[in-house]
Amino acid sequence: MGGWAIAVHGGAGVDPDLPLERQEQAKKLLTRCLNLGASALRADLAAIDVAELVVRELENDPFFNSGRGSALNENGRVEMEASIMDGSGRRCGAVSGLSTVKNPISLARLVMDKSPHSYLAFSGAESFARQQGVELVDNDYFITEENVGMLKMAKEANTILFDYRVPLGMGSPIQMMNGLPISVYAPETVGCVVVDSRGRCAAATSTGGLMNKMTGRIGDSPLIGAGTYACDLCGVSCTGEGEAIIRGTLAREVGAVMEYKGLGLEEAVDFVIKNRLDEGKAGLIAVSNKGEVACGFNCCGMFRGSATEDGFMEVGIWDQ
Amino acid sequence: MQILIDPGSREMGWAIALHGGAGDIPLSLPPERRQPREAALRHCLQIGVEALKVNKPPLDVVELVVRELENIPVFNAGKGSVLTSKGTVEMEACIMDGTKRCGAVSGLTTVVNPISLARLVMENTPHIYLAFDGAEAFAREQGVETVDANSFITPENVERLKQAKEANRVQIDYTQPIQKDVKENKPEADGDSQLGTVGCVAVDDLGNLASATSTGGLVNKMVGRIGDTPIIGAGTYANNLCAVSATGKGEAIIRSTAARDVAALMEYKGLSLKEAAAYVVEESTPKGNVGLVAVSATGEVTMPFNTTGMFRACATEDGYWEIGIWPSDVQK
């Protein structure tokens, strides 16, 4: 045990009918990100820096639901949120309601490092971005043709559904995530967790949020303790049905059972996924200060990958 | 100070606790600053107790008590909210019940009762948390009472903002007036900066729990700053074991996931409500930063704080009640 470890995710709740070509694309991207993180760790960058730089990479790629390629809100625009936490000292930063900031995770980092606060949102966050001189773009930069199409389908699906949750097993073969058929659901969120060779843990999460969300809707990704958490013992990033993750304070939960029940990382992750989601569907990735890495999810697939210092590397989408 | 009801006993009673903020409330607080707040706490406690006595669900009770606290301008929520660096009001609130249903709002500027809008988010949307323009639009859709943004601003808060700008810092809920070139705060009778987040937790005799918190945030906060209040697990939390509402320095409460940790300690380490809350306040958060009120499913109540004082009140079914500002052994 010991040594560095890193895990990344591109969202939980994957369409089982996702074309093979897209699955390959996803795995390539996850691999690229892992390699980027691993190089940085070998160059002795701190966990917090590695987590940020890997999430930036995921934000820049339009494949996953963050930064470019973010899901669209009910008005067809992109509203992004992100959070980052440094296990040493439990410092944190979060942002919501961003529409022109190219890399939300980096703005979250600046909130942590350069502001007296932990969380800034909407026009206040955008002003702070200007003040800090981060790279800004038009909202159009984030919007992909594919997501415009998905939004249209999501709206059609939502008008068919009278309740945002159609229970499974009522004769319907359609799998649902957060009120949408799995085929139009954009797995919410990307994330990265890192433990460096000094045992410092960090976690970072970024997203465009739920497809067709009400404008102003905040999910779990920017909420410390829900979508993101890091402390001395671990770093955690979650993805899936935001509301279920918030209710379950999922990310904090992993740390809490390790701290208060003495569970190891793997046990803690299993426990939390099994017991803290109730009816909800979600997944998470986690690292421990001992150099371990683990992931868990209770839905149909999670884009993920992990690597450790001793040369282990694995990417996957479906059940272990 | 707390009445502990034997968890083995089948007799559980109702309990309620509420707060008007924790912070550096000077012992020299003049009567004209102290009395209105004590009276307000007494009044709100009474309202909550009456509601519990007629078997109103705890979720309704905490909402109605916090509405009352929001309407009282001496507390930092609703009318009387502290001001952002731009002199505006941005309110946030959160409500949660023991089944873990919850709702939260941030960045409200015209909604008279943020806590009620939080409840509507919980009940009338598939989401948990709405903020800023989206939340304001939802408020209009729902037809809740809204007023001109200026209606929330009080002269006292304009003065507080001015002071904070002069001292060039962001004040936590309660800070004593700052002397510019002196690092240590000395209590002063004037420069009334005694305001804070408001919150209420309640449990009925069946063990149903609820928590509600509401605030204007930090004096001179950056526009768009969100604190701990609307973050589930930080400032507000409830599950089948307990209900918690925290107050103090938002950034510290967020990092320590204060409200969730009280429940987690009970569940994972078997601590009692009192022990769990004391641990969070004494061990998990830096001194001078946090206070909280909490009730358990078995009718216990606790109100610990690591600041100079916390405006608070509580009552339990067997007749115990308490209203206070400073630690009980210090209170005159």
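Me: Where is the place of Asp278(A)?
Reply: Asp278(A) sits in a loop of chain A, between α8 (265–275) and β12 (282–288). Please note that the model is predicted.

Me: What is the phi of Asp278(A)?
Reply: The phi of Asp278(A) is positive, at about 45°, although this residue is not a glycine.

Me: And is Asp278(A) buried or exposed?
Reply: Asp278(A) counts as exposed, because its relative accessibility is 59% and the cut-off for exposed is over 50%.

Me: Now chain B. What about the phi of Phe132(B)?
Reply: Phe132(B) is not a glycine either, yet its phi is positive, at about 50°. Phe132(B) belongs to helix α4 of chain B.

Me: Is Phe132(B) buried or exposed?
Reply: Phe132(B) has a relative accessible area of 9%. The limit for buried is under 20%, so Phe132(B) is buried.

Me: Which helix does α4(B) cross, and at what angle?
Reply: Helix α3 (residues 114–124) of chain B crosses α4(B) at roughly 80°, and their axes come within 11 Å. Angles of 65 to 115 degrees count as roughly perpendicular, and α3(B) and α4(B) are therefore described in that way.

Me: Which residues meet there?
Reply: From α3(B), the residues are Leu117(B), Leu120(B), Val121(B) and Asn124(B). They meet Ala135(B), Phe138(B), Ala139(B) and Gln142(B) of α4(B). By class, this contact holds six nonpolar residues, two polar and no charged.

Me: How do α1(B) and α2(B) pack?
Reply: Helix α1 (residues 31–53) and helix α2 (residues 58–71) of chain B have axes 9 Å apart, at an angle of about 160°. Since angles over 145 count as roughly antiparallel, that term applies to α1(B) and α2(B). The crossing of α1(B) past α2(B) is right-handed.

Me: Which residues of these two helices meet?
Reply: On the side of α1(B) they are His43(B), Cys44(B), Ile47(B), Gly48(B), Ala51(B) and Leu52(B). On the side of α2(B) they are Val61(B), Leu64(B), Val65(B), Glu68(B) and Leu69(B). The contact consists of eight nonpolar, two polar and one charged residues.

Me: What does chain B come to in helices and strands?
Reply: Chain B has eight helices and 12 strands. It contains 332 residues, and 64% of them count as buried.

Me: How much accessible surface does chain B have?
Reply: The accessible surface of chain B is about 11600 Å², and carbon and sulfur atoms hold 50% of that area.

Me: Back to chain A. Which residues of α4(A) are buried?
Reply: Helix α4 (residues 122–132) of chain A has Phe122(A), Gly124(A), Ala125(A), Glu126(A), Phe128(A) and Ala129(A) as its buried residues.

Me: What do they pack against?
Reply: In chain A, the buried residues of α4(A) pack against β3 (91–98), α3 (104–114), β4 (119–121) and β9 (217–218). In chain B, they pack against β4 (129–131) and α4 (132–142).

Me: What comes just after α4(A)?
Reply: Gly133(A) follows, with a positive phi of about 70°.

Me: Last one: where is Gly37(A) found?
Reply: Gly37(A) is part of helix α1 (residues 20–42) of chain A. Its relative accessibility is 0%, and it therefore counts as buried. Leaving aside residues up to four places away in sequence, Gly37(A) touches Ile6(A), Val50(A) and Val54(A).

Notes
Residues are numbered from 1 along each chain as its sequence is written. Chains are lettered from A and ligands numbered from 1 in the order in which they are written. This is a predicted model: local features need pLDDT of at least 70, side-chain atom pairs count only at pLDDT 80 or more; totals for chains, interfaces and linings use all residues. Side-chain values use heavy atoms; hydrogens and water are left out. Helices (H or I, at least four residues) and strands (E, at least two) are DSSP runs, numbered from the N terminus. Buried means under 20% relative accessible area, exposed over 50%, partly exposed in between (1.4 Å probe, protein chains only). Accessible areas come from the Shrake-Rupley method with a 1.4 Å probe; for residues, only the protein chains shown count as cover. Axes are lines fitted to C-alpha atoms, for helices over the stretch in contact, and angles run from 0 to 180 degrees between N-to-C directions. Angles under 35 degrees count as roughly parallel, over 145 as roughly antiparallel, 65 to 115 as roughly perpendicular and the rest as oblique. A crossing is left-handed if the near helix is turned anticlockwise from the far one by less than a right angle, and right-handed if clockwise. Contact means heavy atoms within 4.5 Å. Ala, Val, Leu, Ile, Met, Phe, Trp, Tyr, Cys and Pro count as nonpolar, Asp, Glu, Lys and Arg as charged, and the others, Gly among them, as polar.
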